[in-house]
Structures are given as structure tokens and as C-alpha cells.
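Me: Got a model on screen and want a quick walk through it. Can we start with one residue and its surroundings?

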Amino acid sequence: MPGPKRDDAPTAPAPSAPDIRYMFEPRGVAVIGASDNPKKIGHSIVSNIIEGGYKGGLYPVNPKGGELLGRKMLASVEDAPGPVDMAVITVPADAVYGVLDGCARKGVKFLVIITSGFSETGNSREEHRIVERAREGGMRVLGPNIFGVYSRAASLNATFGPKGILPGSVAIISQSGAIGSAMMGKTAAEHIGLSAMVSIGNKSDLDESDCLEYLMRSEQTRVIMMYMEGVKDGERLLRVLREATARKPVVVIKSGRSKRGALAAASHTGSLAGADEVFEDVVAQAGAIRAENIQEALDWSKFLAEAAMPEGQSTLIVTNGGGIGVLAADACEKYGVGLLDDVQTIKAHFQSVVPPFGSLKNPVDLTGQATPDDYDKSLGAALSLENVHGVVCLYCETGVFDPDRLAAIVKARYDQFRAVKPIVFSFFGGQVLEDRVAMLRHAGVPVYTDVYEAVSCLGAAFRHQATRAYAAGATPFQPPRIDAAAIHRAIDGALADGRTFLLAHESRAVMDAVGVRMPRARVARSLSESVLAAKEIGFPVVMKVVSKDIVHKSDAGGVALDLDDEREVVDAYQAIMQSCRAYAPKAVIEGVEVMQMVRGGVETIVGARRDPSFGPTLMFGLGGIYVEVLKDVSFRSSPIDRREAFRMVSDIRSYSLLLGVRGEERKDIEGIIDALLRLDQMLKACPQVTDVELNPLRVFDEGEGVIALDARILLAAIAPAPAPGAAAVPPHPNPSSSPTTVSKEGS
Ligand code: ACO
């Protein structure tokens with residue numbers, strides 16, 4: 001088999017790193033730990049490679065010598081007569097390191113380490129040692145703790161999974177070996193053809209991004225499906241995902257949504273699941289479609305691999321039952337499938353098949369007396385109409401219908417139009433109908449028994465298409481300007497003072513430089529200064545203690561609101577001093593901050609932080625109970641442009657409150673977008689900043705702007721080397737003083 005061409009080689013992570021194509025299209029494969037014992041994994045892999053029809057060199061390696069399935073067993077990989085691009089390692093954990101030198105000398109490029117017993121069991125040291133040695137030898141590592149690789153491009157089944165893989169165009173990347181291995185059998189059972197299957201296990205070196213780099217360029221792959229438990233280099237994953245989803249659909253399932261699930265993931269593949277709500281939003285931002293469960297992911301992948309993509313947003317539902325039609329309309333709303341509203345067109349084309357007691361709206365209800373010919377005509381009409389971009393065809397079993405004739409019509413119409421627009425079918429009824437469903441599915445027709453299953457597949461196609469259209473519609477964007485030098489002055493001052501947080505007046509100076517308005521304020525160091533400051537600012541005012549030793553000001557009794565006159569300022573000053581001294585007797589109190597009292601506006605929360613998995617991210621939500629109880633927040637990975645900032649704001653469930661409800665004015669959404677864009681710029685310009693939280697950010701009526709009542713800013717203790725765009729910064733050393741952590745799922 002010819003080796004991979006190097007001219008259009010994918011981006012390599014290091015100059016010396018081998019091209020990932022060699023892992024999917026190796027010229028020769030050695031199985032180190034091949035065994036003549038048919039019960040052993042080292043036997044099963046050799047047998048699968050042979051039965052899979054691999055045409056390259058296959059070299060079983062076992063010092064005992066002899067023969068295995070007609071192949072000579074080599075004492076060492078170095079004895080292989082031809083090139084060996086991939087070595088599949090099936091020796092026990094303590095023997096893996098020992099085989100690496102021979103592989104390096106032989107020029108092996110990829111080590112596919114099946115063996116378990118490394119970081120997933122706490123044995124991270126040995127895993128690191130192996131990766132280091134492999135890298136020194138110019139090799140990359142897949143695994144350990146995996147079931148192997150299948151690649152249709154090389155007819156290579158280097159796994160110990162089930163035989164009988166159906167070649168096709170769905171590629172699967174699985175972090176879990178068992179799930180991936182089982183999916184090989186499951187895909188065959190569901191007539192889903194595979195172009196590749198990669199098990200990435202502990203991701204000690206190669207991860208899903210490396211596999212995506214190859215698969216997004218592979219012509220045999222139309223859809224990529226990923227099962228994930230955790231993300232190590234999230235920033236790279238998002239970059240690669242954006243590129244991949246511009247070419248083909250990527251369906252993602254990530255386990256560990258719940259706290260218990262995340263803990264289980266940590267002990268399974270040594271993964272830190274990270275905050276699921278961040279994952280959900282940033283992966284969608286990168287264009288991937290997240291499925292809820294494996295069945296849904298498989299259904300979507302199969303459908304997306306076969307279906308034409310919709311060229312617009314209008315779907316038509318054809319049904320013989322009103323109820324199932326209503327369910328389909330509900331499902332369309334749930335899965336983002338737009339419905340055709342053009343009643344005139346529907347009337348003109350369906351009048352002849354819909355009886356007077358049927359419906360000539362969408363859903364088109366042919367009624368229970370519909371005949372196969374009515375379906376044929378309706379399908380023909382729906383699929384031919386230019387302003388119909390997708391079709392949902394439903395059938396509820398009746399006694400006046402020939403199911404075989406229906407199946408024949410469905411198959412014929414599907415074959416006629418499958419390349420033109422996406423179509424899904426749902427047949428609901430007894431065994432006779434279930435048999436027809438199974439038969440049609442076997443023939444590749446997207447027929448489902450449940451209407452939600454059918455519509456969810458169509459929804460996946462609509463979502464993918466919408467993502468592509470959105471990405472294609474990006475226009476040059478001029479970010480708002482911020483005064484980075486002034487921000488650095490405030491940050492450097494705090495760091496020089498040994499602090500990793502900014503005091504209120506420093507945060508205010510930073511926000512001034514960022515361009516986010518805060519209330520007028522002064523720091524007063526005495527009672528008389530407080531009174532003077534209040535007069536200058538104008539009543540009513542708010543007063544807050546200023547002390548680097550008191551982080552939680554309210555708990556210390558260090559905040560007084562709504563001070564309407566001089567007397568109230570005097571009383572409040574004395575009360576604050578008294579209670580703060582009682583709360584923290586050793587605290588150095590610098591004075592109080594006197595601030596304009598802001599009334600009105602909708603409370604929101606805007607944040608920016610460096611996520612441990614995904615790097616710089618932004619957060620937006622409505623404040624108060626919306627954040628605390630409903631967890632109604634959205635996240636995005638930085639950088640964002642104006643369009644993305646708008647999507648972020650409009651993504652939250654309670655967005656309509658910002659549009660104005662019950663006669664209220666529309667709120668200043670542009671002001672929120674501006675604040676988000678400015679924080680984004682701040683993250684970019686200041687690698688030392690780890691967390692910023694504007695809470696609350698009050699949003700006034702349209703045109704009246706926003707104002708941040710509080711700004712909490714945390715810094716990294718050690719300033720990292722500045723990097724363009726986003727710098728990796730160690731997490732904040734003192735999580736207890738971190739700003740509010742918001743999670744959609746609840747804690
Ligand atoms: N070079 C070549 N062959 C060697 C070497 C060496 N340095 N050292 C040992 N061998 C041979 C052994 O002699 C043996 O061959 P034999 O049967 O002829 O004696 C063969 O390699 C295998 O070694 P064993 O000691 O017999 O190990 P065994 O096959 O029992 O287990 C394995 C090895 C499969 C790697 C095991 O340690 C392991 O990790 N199992 C878990 C794998 C796994 O689950 N991975 C995750 C997949 S996901 C999922 O769950 C589906």
C-alpha cells in the first residue's frame with residue numbers, strides 16, 4: 001500500500017512529529033505481544049487485522065517465536081522486513097516501556113498502546129515516562145487504555161472489538177474503550193457504515209483534536225461522532241472543531257453532566273470533566289452538535305451521513321393523523337426545525353389529496369382515510385416544492401392501508417429525492433409496521449417508530465446547516481478599544497502589594513480603562529471626608545468599607561445603602577467602623593468608599609475568566625434568582641465578535657425580560673454587548689487577569705446604557721509570559737475568594 005502523501009499534510013504539533021495520516025494509513029503494522037492463545041487480546045488484534053483485509057505489512061511480535069495465523073512471529077519489531085508505521089502494544093503495563101527503544105530504532109511512528117494500568121489507576125508517572133521516551137524517539141502515543149483503531153482508508157481493523165465492521169462514512173472517536181468497542185457492533189447492527197473508529201483512552205499524548213485533524217480532511221468521512229469524558233486542551237479542541245464543523249457535521253456526546261457522573265469519569269479515564277455548562281456552550285459555539293445519549297448520537301450520525309442538507313428553514317409535515325402531526329410540530333420546535341407557513345402554496349398543491357375534513361395547513365393532514373396513492377402524491381408534491389426545505393412524513397397504522405405498498409412508495413420517493421432535500425419518516429403502529437420500519441431502515445431509509453426521533457435527526461441537519469451559514473456570514477469586526485496601559489498599572493500595583501485581587505478603587509480604575517461605566521465614587525479616609533464625598537457625588541449614596549483584609553464586606557457589616565442625607569452618612573460611617581472592627585479586629589481599614597446609589601434597571605451578571613479546560617471564556621446571565629436558582633447563564637469561548645456577543649445574550653431562557661415585558665421598555669442590549677466585548681479585550685490584553693465579575697451590571701432602558709455596581713477582579717499570582725490572544729494562566733490559588741461560580745446544572 002502506498003504511504004501517505006506529504007504535500008497536503010495536516011498541521012503537525014511539532015516539526016519532528018509524524019504525520020497523523022500514518023496512524024490511519026500505515027504502511028506496516030506490528031502487534032507487540034501477539035499471542036497464539038486465541039483468548040488473548042494480542043491474538044484477537046492480529047486476527048482482526050487479517051480478517052479486515054489490511055493490505056500493508058503485518059508483523060506479529062513475540063520473543064517466543066513460531067507462527068500466528070500463518071504469519072511468522074518475530075522476536076523483535078526490528079526484524080520486520082518492511083516499514084512499520086504503527087506498533088500496537090498488547091504487553092502488560094510493566095513491559096510497555098521496555099519495547100519502546102526497539103520501536104524507535106525501527107522508525108515506528110505511532111504507538112497504539114492497548115494496555116491498561118496507567119493514569120486511570122493513578123499510575124501517571126509510568127505513563128509520562130512512556131510518552132517522553134516515545135517523543136524522544138520521534139513517535140506519538142495513542143492511549144494507553146484503549147481498544148485500538150479501525151481505518152477504512154487502509155482496511156485496517158487494529159482493534160480487539162467485534163468483527164464484521166460495515167465500511168461507510170461515519171468516523172467515531174471514543175474516549176471510552178468499552179463504549180467505542182461496543183459501538184463497533186452496534187453500528188453494524190444498525191447498518192451504520194464506519195470510515196474510522198479511534199479509541200483515545202487516557203489521551204496521554206494524542207487526543208481527539210489530533211484525530212479530528214485527519215478525519216475532517218478524510219474524503220471517506222462525512223460525519224464525525226465523538227464520545228468524550230473530559231477535555232485536556234480545550235482551546236485547541238475548539239480551534240480544530242471550528243475548522244472541522246465548517247467541512248462536515250461533528251456530533252458530540254459528553255458524559256459527566258452530573259456531579260456523580262463527573263466523578264465517575266475522573267476514575268474511568270483519569271479525566272477532569274470540567275464544568276459541563278461551559279462545555280455545552282463553547283462546543284456549540286464551535287459548531288458541534290451535542291447529543292443527549294448514544295442512541296441519539298448514532299441516529300444523528302447515520303442520518304447526517306446520508307441526508308442532503310437543507311437549503312432553507314421551511315419544513316412540511318405530511319400525516320394521516322392530527323395528533324401525531326401536533327407531536328411532530330412540537331418536536332420541530334424543540335429541535336429547531338422551522339415550519340413552512342405558506343398556506344397558499346399548501347392549498348394549491350394538496351387540495352386534491354386532502355378531504356374537506358382534513359387540514360390544508362402545516363401539518364398537512366390527509367386524515368385516516370388516506371390511501372398509499374395519497375401519500376405518493378403528497379410526498380411527490382412536498383419534495384418537489386422549492387420553498388419546502390425538509391419533509392417529515394408520518395403514518396399512524398390504520399386498517400384500510402396496505403403497508404407494503406406504503407413501504408414501496410416511501411423507498412421510491414426517498415431514492416428519488418434523497419440527494420435533493422432531507423426527509424424523515426415515522427411509522428407508528430403494530431408488529432406489521434415495525435417489520436416494515438426494520439426493512440426500510442436496512443435499506444437505508446430514515447424511518448423511525450417515534451416521531452421525536454425522526455424530527456431530532458432533521459433538527460441535527462438544520463442545526464449543522466445553520467452553523468455553517470452563521471460561520472460563512474462573519475464580517476470583519478473592530479473590537480472596542482481599551483486602555484491596556486492603565487489596566488496594567490493597577491494590576492502591577494496590586495501584585496507588587498502581594499495581592500491577587502484588586503481593591504474596589506483599583507477595580508474602578510480598571511473598569512474606567514476598560515470602558516465599563518461604574519457609579520461615581522470616592523475613597524474617604526475619615527468621617528469628614530465621607531460627608532464631603534457624599535455631597536460632591538450627590539445623595540442618595542452607598543458606603544462600603546475599604547480594607548484588603550475584609551473580602552466579604554457585607555458579612556462584616558461593611559456596607560450601607562440608600563443614605564439620603566448628611567446625618568445618615570455620619571451614622572452609617574460609625575456603624576461600619578464599629579462592626580468591621582468587631583468582625584476583624586486586626587484588619588487594616590483604609591476608609592470607606594462613598595458611591596452614587598443607582599436605582600432601577602435590570603440586574604445582570606457579566607463575567608470573564610480563564611477556564612481550566614477552555615482558557616479565556618465569557619459569561620452572561622440575568623442576576624438575582626435567575627443566576628442563583630435558575631442558573632440561566634450562557635458561556636462563550638474568547639474571542640467573540642458583536643454577533644456572537646448578541647447570540648450569547650439572546651441565548652438565555654429569560655432573554656424576553658430584556659426585550660421588555662408587560663409594557664416595559666426594551667433594555668439596553670447593546671450596552672451589555674459592549675461590556676462583554678470590552679471584558680473580552682481585557683482578557684486578551686492582560687494575561688494576569690484570571691477572573692472578572694461585574695455583578696450586578698444594571699441594564700437601563702434602550703439608549704440609557706449599563707452600569708456595573710461592583711467589579712471583582714482576580715489575578716494570577718505569577719504573571720505568565722504574554723501570549724497572543726489567550727494565555728494559559730494557573731488557576732487562582734485561593735478558590736474561596738473567587739467570584740460567584742455559576743453553573744446551569746445547579747450544585
Ligand atoms: N515483547 C513481545 N511480546 C511480549 C513481551 C515483549 N516484550 N512481553 C510479553 N510478551 C508476550 C507474552 O509472552 C504474551 O504472549 P504469550 O501468550 O505467547 O505468552 C503476550 O505478550 C501478552 O502478555 P501477557 O503477559 O500474557 O498479557 P495478557 O495478554 O494477559 O494481557 C494486556 C496484556 C491485554 C495488555 C493487559 O495487560 C491489559 O492491559 N488488559 C486491559 C486492556 C484494556 O482493557 N484496554 C482498554 C480497552 S477498552 C475496553 O475496555 C474494551
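Me: What is Met226 in contact with, leaving aside its neighbours within four places in sequence?

Reply: Met226 touches Ile173, Glu208, Leu212, Leu237, Leu241, Val250, Val251, Val252 and Ile253. Contact means heavy atoms within 4.5 Å.

Me: Before we go on, what am I looking at?

Reply: This is a predicted model: local features need pLDDT of at least 70, side-chain atom pairs count only at pLDDT 80 or more, and totals for chains, interfaces and linings use all residues. Residues are numbered from 1 along each chain as its sequence is written, and side-chain values use heavy atoms, with hydrogens and water left out.

Me: Which residues touch the most other members of the largest nonpolar core?

Reply: Met23 and Met226, in a core of 59 residues. A nonpolar core is a set of buried Ala, Val, Leu, Ile, Met, Phe, Trp, Tyr and Cys residues joined through side-chain atoms within 4.5 Å. Buried means under 20% relative accessible area, exposed over 50%, partly exposed in between (1.4 Å probe, protein chains only).

Me: Which helix gives the most to this core?

Reply: Helix H7, residues 234-245, with five residues. Helices (H or I, at least four residues) and strands (E, at least two) are DSSP runs, numbered from the N terminus.

Me: How do H6 and H7 pack?

Reply: H6 (residues 208-215) packs on H7 at about 20°, with the axes 9 Å apart. Axes are lines fitted to C-alpha atoms, for helices over the stretch in contact, and angles run from 0 to 180 degrees between N-to-C directions.

Me: New topic. Where is the peptide bond cis, with omega near 10°?

Reply: From Asn362 to Pro363. Pro363 sits in the loop between strands E16 (359-360) and E17 (364-365). Another cis bond runs from Asn695 to Pro696, with omega near 0°. Pro696 is in strand E28, residues 689-699.

Me: And is Thr367 buried or exposed?

Reply: Buried, at 7% relative accessible area. Thr367 is in the loop between E17 and H13, and has a positive phi of about 75° although it is not a glycine.

Me: Last one: how much of the chain is buried?

Reply: 56% of its 747 residues.
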